[in-house]
Amino acid sequence: GALIVIDEYDVVPASAEEFHTGVAELIKTLADHSSDCDSRVVIVGVAQSARDLLEQHESIERSVREIYLRPLRKEDVFDFLTEAEKQLSFEFRSSVKDAIVENSLGYPYYVHLVGLECIDAMIARDADSRTVLEEDYERAVRRAVSRAFRSELSKYRAAIKDLSQKEIELVKELVAASHSGVVLRRRLLAAVIEKRLMTAADFNDALIRLQQERRLLYISRNKDDVRFADPRAIYFIIWLAVIVA
C-alpha cells in the first residue's frame, strides 16, 4: 500500500491536460484494483467542489470522496503561534498575535505567510529584536500582498470596484461573520436588516447577483450556508482594506 499526496492542486493550470489526465487515470487504476492494492491518492487544493478541482474529470467522480476542511478554531491558531514563539525563541506583541488570529479566519495559509513575513520585518527593523511589533505586522501584510498575490489582488480589486453599494455592504457583513465559521443565510439577513443596511428584497437581490453574476459567493444546495466561492477571497478583501487605509 502507498499514500500519494498531491498538494496545491489548484495551482495546476487547466491547460495542463496531460497532467490532469494522468492523475485521473492513476485514480481509476487504483480504484479498479482496490481489492489487490490498498493505496490512496490524496489531492489537496482550493476549489468549490472536487469536480472543479479535478478539472471536471467526470469519469473518476465515483472513485473519489470529497472532504471539506473547515477553518481552524481561534484557539488552534493561537496555540500554533505560541508554539512557533517557543521553537524560534521570539514573541509576537499581544496585539499582533490577536490580529493574526482574527484576520486569518482560521486559514493556516494566512498564518504561515504573514507570520513568516512578520519575522522578516522584525529582523529588517532590528537584527537583535525578538519581538514582532505592530509596525512589523503592517509591513508584513503589505509585503505579502505585493510579493505573493499581485495578480490575484488585481482581480479582486476589479471585482470589488464593480460592486453596487448593497453588494459591498453584504460582502463586508460576510467577511465579518466568517470569523465564526459557517455563515447561515438567515443570520446574515437578520444582521443587515438589524443594522438597517438594506431590506430583505435588497438582500436577496444582492445575494443572487454576487452568486450568479459576480461568482463571488457559494450558496449551499439547501440555500442555508453562504460562503465565498474561493476562500482566499477573504484575504484579498481584508488586504485591500488595509492598503486603502
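What covers the buried residues of α3? The cover includes β3 (91-92), α4 (94-104) and α5. The model is a predicted one, in which local features need pLDDT of at least 70 and side-chain atom pairs count only at pLDDT 80 or more, while totals for chains, interfaces and linings use all residues. Residues are numbered from 1 along each chain as its sequence is written, and side-chain values use heavy atoms, with hydrogens and water left out.

Helix α3 comprises residues 74-88; here helices (H or I, at least four residues) and strands (E, at least two) are DSSP runs, numbered from the N terminus. Its 15 residues reach 21 Å from first C-alpha to last, close to the 21 Å expected at 1.5 Å a residue, where the expected span is 1.5 Å times one less than the number of residues. Val-77, Leu-81, Ala-84 and Glu-85 of α3 are buried (under 20% relative accessible area; exposed is over 50% and partly exposed in between, with a 1.4 Å probe and protein chains only). These residues cover an arc of only 100° around the axis, which puts them on the same side of α3; the arc is that of the directions from the helix axis to the C-beta atoms. Lys-86 and Gln-87 are exposed on the face turned away from the buried side. After the helix comes Ser-89, with a positive phi near 55°.

Tyr-110 is buried, with a relative accessible area of 1%, and other buried residues of α5 include Val-111, Leu-113 and Glu-117. The side chains of Tyr-110 and Tyr-137 are joined by a polar contact of 2.8 Å (a pair of N or O atoms within 3.5 Å; within protein, one must be able to donate a hydrogen and the other to accept it, and residues adjacent in sequence count only if both atoms are side-chain atoms). Between the C-alpha atoms of Tyr-110 and Ala-144, 34 residues apart along the chain, the separation is 9.4 Å.

Elsewhere, Arg-209 lies in helix α10 (residues 200-213). Arg-209 is buried too, with a relative accessible area of 18%. Leaving aside neighbours within four places in sequence, Arg-209 is in contact with Ser-164, Glu-167, Arg-214 and Arg-215, contact meaning heavy atoms within 4.5 Å.
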